[in-house]
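This briefing covers cores, helices and a sheet. Please view the sequence and the structure first.

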Amino acid sequence: MSFTDLGLQPELLISVADKGYDTPTPIQKAAIPAVLAGRDVLAGAQTGTGKTAGFVLPILQRLRAATGRAPRALVLAPTRELAAQVAENARDYGRYLNLRTVVVFGGVGINPQVDALRRGCDLLVATPGRLLDLAGQRAVDLGAVEVFVLDEADRMLDMGFIHDIRRVLKLLPAVRQNLMFSATYSDDIRTLAARFLHDPVAIEVATRNATAERVDQCAYRLPKEHKRHLLAHLVKAEGWPQALVFTRTKHGANRLAQQLERAGIATAAIHGNKSQAARTRALADFKQGRITALVATEVAARGLDIKELPVVVNYELPNVPEDYVHRIGRTARAGLNGRAVSLVAPDEASLLRDIERLLRQPIPVVALPEFEVLAEPERGSGHARHDAPRGGHTPHGGQRHPGSQQRRSGGRQRHRGAGRNARGR
Ligand code: AMP
């Protein structure tokens with residue numbers, strides 16, 4: 001399918017070709033015809049899916065001739081960066097059309113924005129607070145808005161914009177077309193969608209996007225130094241066919257890959273310090289099932305075209321909660337049930353809370369299974385290293401278990417799962 005098949009007008013097809021895009025992305029295939037048909041749309045899509053063109057292109061077409069007065073399309077975005085990006089896209093795609101795009105956001109002087117609006121505006125891109133300020137000053141009239149877009153609605157709610165959104169909605173004409181984009185679905189998002197979307201076309205794109213609900217998520221709480229032993233145990237005991245494992249650092253990715261290899265699990269690491277050839281090889285090996293575990297840093301994993309992974313492991317939780325959603329979005333695609341397993345050390349507890357807040361749902365903490373903590377010779381020296389636990393520190397936070405007393409260098413220690421389903425909060 002090409003952009004021509006989507007019903008876009010020649011001026012837009014040329015600007016799309018200028019950009020070098022030949023094939024519409026899945027969100028574009030679904031959204032463009034729906035928006036052109038005047039339907040409301042609820043789309044589960046995050047940045048990177050091509051969602052911006054998915055709504056900007058058909059909106060530009062619907063606006064057609066410029067009136068150059070009050071905005072007839074309004075896009076609300078959570079941040080100034082996103083607003084600026086949407087506006088830039090609109091100007092790019094609309095370069096052969098005679099439409100005016102204006103962007104307004106807070107943190108900069110309001111007067112140039114007032115002037116820009118006075119000069120005329122067809123498509124307005126705005127962050128909520130500044131838009132309300134401008135509306136309050138009567139610098140903008142939202143009474144002519146025909147199409148309203150709420151972009152990254154989940155982030156809007158996270159940032160506390162719900163009241164501002166409601167106030168903006170009150171300034172819009174009752175009859176209009178509404179589009180809402182969100183990377184995640186929570187009850188609050190559903191409530192908001194039900195409030196202003198009318199019989200929406202629901203679009204769920206299968207790339208780089210997963211609603212947290214389709215993924216079977218769980219977390220294990222344990223000390224950092226036990227993580228690799230638990231991971232090796234899970235891969236083997238649960239017979240994971242393949243797992244993409246996220247670490248925070250390149251060094252950590254290398255080390256873990258070596259440790260998993262030593263535990264008998266075919267593993268490769270992929271990160272920015274690896275040559276392109278090494279990365280390509282690792283990816284090919286992984287795709288063809290020659291390796292079971294692919295250990296990757298966030299950045300390296302971002303560009304990987306791997307679909308429908310059965311298991312994603314957060315060996316370390318990401319610092320940015322949204323990255324968790326992106327990571328687990330690599331599993332459970334196309335209606336398959338995927339798993340996302342997080343290994344959470346005590347110092348990552350607050351990161352887990354942030355993620356749960358973003359998802360608006362708890363991630364079940366499951367009891368640790370019984371697994372072996374093997375001591376290994378220290379690299380370079382022939383000495384056995386006491387790995388963990390030290391000083392009676394146990395996987396359950398201070399609760400001594402028999403193994404820690406009996407352990408010797410080079411020996412093995414059986415970690416006994418406590419068999420309780422503790423949330424541990
Ligand atoms: P977005 O999800 O809207 O932030 O877009 C992600 C990136 O994909 C942007 O850099 C777009 O320029 C690019 N993009 C959008 N549509 C296409 C397409 N059909 N083909 C290739 N790249 C695209």
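The largest nonpolar core has 41 residues. A nonpolar core is a set of buried Ala, Val, Leu, Ile, Met, Phe, Trp, Tyr and Cys residues joined through side-chain atoms within 4.5 Å. Buried means under 20% relative accessible area, exposed over 50% and partly exposed in between, with a 1.4 Å probe and protein chains only. This is a predicted model: local features need pLDDT of at least 70, side-chain atom pairs count only at pLDDT 80 or more, and totals for chains, interfaces and linings use all residues. Residues are numbered from 1 along each chain as its sequence is written, and side-chain values use heavy atoms, with hydrogens and water left out.

**Cores**

- Phe55, Leu57, Ile59, Leu123 and Leu179 have the most contacts inside the largest core.
- Helix α3 supplies the largest share of this core, 7 residues. Helices (H or I, at least four residues) and strands (E, at least two) are DSSP runs, numbered from the N terminus.
- Leaving aside neighbours within four places in sequence, leucine 57 is in contact (heavy atoms within 4.5 Å) with Phe3, Leu8, Leu12, Val16, Ile32 and Tyr93.
- Another core, of 37 residues, lies apart from the largest one; Phe148, Ala153, Val168 and Phe196 are among its members.

**Helix α1**

- Leu12, Ser15 and Val16 are buried in α1 (residues 10–19).
- These three cover an arc of only 100 degrees around the axis, which puts them on the same side of α1. The arc is that of the directions from the helix axis to the C-beta atoms.
- The face turned away from the buried side of α1 carries exposed Pro10 and Ala17.
- Packing partners of the buried α1 residues are α3 (51–63) and α4 (80–93).

**Helix α9**

- In α9 (residues 187–196), the buried residues are Ile189, Leu192, Ala193 and Phe196.
- Seen down the axis of α9, they fall within an arc of 100 degrees, so they line one face of the helix.
- Asp187, Thr191 and Ala194 are exposed on the face turned away from the buried side of α9.
- The buried residues of α9 pack against β1 (41–44), β5 (147–150), α7 (153–158), α8 (162–171) and β6 (177–182).

**The six-stranded sheet**

- An open sheet of 6 strands runs in the order β8-β13-β12-β9-β11-β10, with parallel pairing. Two strands pair if DSSP finds at least two bridges between them.
- At the edges stand β8 (215–221) and β10 (267–270), each with a single partner strand, so one side of each is left without a neighbour in the sheet.
- Neighbouring strands are turned by 20 degrees against each other on average, direction ignored.
- Helix α10 (residues 227–237) packs on the sheet, touching β8, β9 (243–247), β12 (311–314) and β13 (338–344). The direction of α10 makes about 155 degrees with that of β13. Axes are lines fitted to C-alpha atoms, for helices over the stretch in contact, and angles run from 0 to 180 degrees between N-to-C directions.

**Strand β10 and its partner**

- β10 and β11 (residues 293–297) run parallel, joined by 4 bridges.
- Alanine 269 has valine 295 as its bridge partner in β11, and isoleucine 270 has alanine 296.
- Both faces of β10 are covered: Thr267 and Ala269 are buried on one side, Ala268 and Ile270 on the other.

**Proline 223**

- Proline 223 sits in the loop between β8 and α10.
- Its relative accessibility is 3%, so proline 223 counts as buried.
- Proline 223 and aspartate 347 are 124 residues apart in sequence and 8.9 Å apart in space, C-alpha to C-alpha.
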